[in-house]
Amino acid sequence: MFDPTQLRTFLTVSQTLSFTQAAQRLGLRQSTVSQQVRRLEEATGRQLFARDTHSVTLTEDGEAMLGFARTILEANERAAHWFAGTRLRGRLRFGASEDFVLTRLPEILAAFRRDHPEVDLELTVDLSGPLQEQLAAGRLDLVLVKRHPGRGPADARGGRLVWRDRLVWIGSERTRLDAHRPVPLVVFPPPAVTRARALEVLERHGRPWRVTCTSGSLSGLVAAAGAGLGVMAHAEGMIPPGLVRLPARAGLPDLGEVDIVLLHGTRTGPTAPSGASGGAAEALADAILAAGDRLYSSAPGTTPG
C-alpha cells in the first residue's frame, strides 16, 4: 500500500523538478517534502529521483511511478466524492492560454466534467495577458496561463505554480538563419509573454529582428513557422507537432524560463459562488495540478545540438 500523501508529494516534485517549489506549492517545509519522497522510495525499494545540488530529474523507476501515482490518487478522489455524498454545482468560467489547446488539457477537462456533471464549465481560450485581465475584472473564475518567473504576486491571488519550463526557439526542420540578416519572428500579438521575451532578449543581445507573422491563433503561428516564414519562442515542454527546437548552432540567445501558473479570481455580488459551487474552481485546480505532467513532455520535437 502506498501513502496517498507521499504520492501527491511525489507528483508535485515530478512536475516542478524542485523540492523547494514543491514545498511552496504544498504549503510544507522542504525537509517534509524530502522526508515524504524518501519514505516513498523506501516503500518501493527504488530510487525515484536523481538529484544533486543543481538539478532534480526522474529516474526510469520514477517515470514508471508517475502513472501508478496518478491512478491511485484519481481512484481515491472518486471514492471520496462518492462517499462524501456532496456534488459540486454551479457555473465555472475557466480560461486557458492558447498554448494548452494542443496538449492533453482537453482530457483533463473531460475527466472533470465526468466527475462533476452538475458543474456548468465554460472555457475561454486566449492569450495569457487578456485572460489575466478578464480574471481581474471578475469575468473568469480560474485561469491557466504563462507568466515571467518571479513577476507578480500570484500567491496573493491564489496563484499556484503548475510547472516551470524553459522558453526555446522553435521552427521548421528546414529553418536556416543568416547571422547577417534580421531574425524573422513569428509571434503572438502584444502583450503575449513569449513575444515580449523574444523581443527583450534579442534587443539585449543587439540582434536585429523583423516580424514576419503575427497571429492570435497558435495554429496560425505553427503554420507560418512550418512554412519557414520565421522562428518563434515557445515553452520547451509544449512544442507543437511539426516544429522542432532550433539547435545551438542557430546562434540565437537563451530565452530563460517561464512559469505555468493557475490563478484564482474573486467574484462578488449576486453571482458570487458559495457552498458546493464555490468549490468547483478549487476542484478543477486540484485536477490540473494532479495531472500537470500530462500537459507537457520532457522535450518533444527537439533537435540535439
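**Entry 1: a pair in H7**

I started with glutamate 200 and arginine 204, whose side chains meet in a salt bridge at 3.4 Å, N to O. For this term I took a side-chain nitrogen of Lys or Arg within 4 Å of a carboxyl oxygen of Asp or Glu. The two residues are separated by about one helical turn, because they sit four residues apart in helix H7 (residues 193-204). I noted that helices (H or I, at least four residues) and strands (E, at least two) are DSSP runs, numbered from the N terminus. Next I looked up the accessibility: glutamate 200 is partly exposed at 32%, while arginine 204 is exposed at 54%. The classes are buried for under 20% relative accessible area, exposed for over 50%, and partly exposed in between, with a 1.4 Å probe and protein chains only.

A reminder to myself on the source: this is a predicted model, where local features need pLDDT of at least 70 and side-chain atom pairs count only at pLDDT 80 or more, while totals for chains, interfaces and linings use all residues. Residues are numbered from 1 along each chain as its sequence is written, and side-chain values use heavy atoms, with hydrogens and water left out.

**Entry 2: other salt bridges**

How many salt bridges does a search of the whole structure find? I got 14.

I picked out arginine 91 and glutamate 122, with their closest N and O atoms 2.9 Å apart. This pair links distant parts of the chain, since arginine 91 is in strand E3 (residues 90-97) and glutamate 122 is in strand E4 (residues 119-126), 31 residues apart. Both ends turned out partly exposed: arginine 91 at 42% and glutamate 122 at 35%.

Then I checked arginine 160 and aspartate 286, which form a salt bridge at 3.5 Å between the closest N and O atoms. Here, too, distant parts of the chain are linked: arginine 160 is in strand E6 (residues 160-171) and aspartate 286 is in helix H10 (residues 280-290), 126 residues apart. Is arginine 160 buried or exposed? With a relative accessible area of 18%, arginine 160 is buried, whereas aspartate 286 is partly exposed at 38%. I also found Arg160 and Asp286 in a network of salt bridges together with Glu282.

**Entry 3: H2 against H3**

I looked up how helix H2 (residues 19-26) packs with helix H3 (residues 30-44), and found an angle of about 105 degrees with the axes 8 Å apart. That makes the two roughly perpendicular. For the record, axes are lines fitted to C-alpha atoms, for helices over the stretch in contact, and angles run from 0 to 180 degrees between N-to-C directions. Under 35 degrees counts as roughly parallel, over 145 as roughly antiparallel, 65 to 115 as roughly perpendicular and the rest as oblique.

Which residues meet there? I listed Phe19, Thr20, Ala22 and Ala23 in H2, and Gln30, Val33, Ser34 and Val37 in H3. Contact means heavy atoms within 4.5 Å.

Leucine 185 is found in strand E7 (residues 183-187) and is buried, at 1% relative accessible area. Leaving aside neighbours within four places in sequence, leucine 185 has contacts that include Trp169, Leu199, Leu202, Trp209 and Val231. I also noted 8.6 Å between the C-alpha atoms of leucine 185 and alanine 233, which are 48 residues apart along the chain.

Arginine 70 lies in helix H4 (residues 60-84) and counts as buried at 16%. Outside four places in sequence, arginine 70 is in contact with Leu11, Ala290, Ala291, Asp293 and Arg294.

**Entry 4: backbone details**

I found a cis peptide bond joining proline 190 and proline 191, with omega about 10 degrees. Proline 191 lies in the loop between E7 and H7.

Leucine 17 has a positive phi of about 50 degrees although it is not a glycine. I placed leucine 17 in the loop between helix H1 (4-16) and H2, and it is partly exposed at 41%.

**Entry 5: the whole chain**

Of the contacts with a separation of 6 or more, 77% come from residues 24 or more positions apart.
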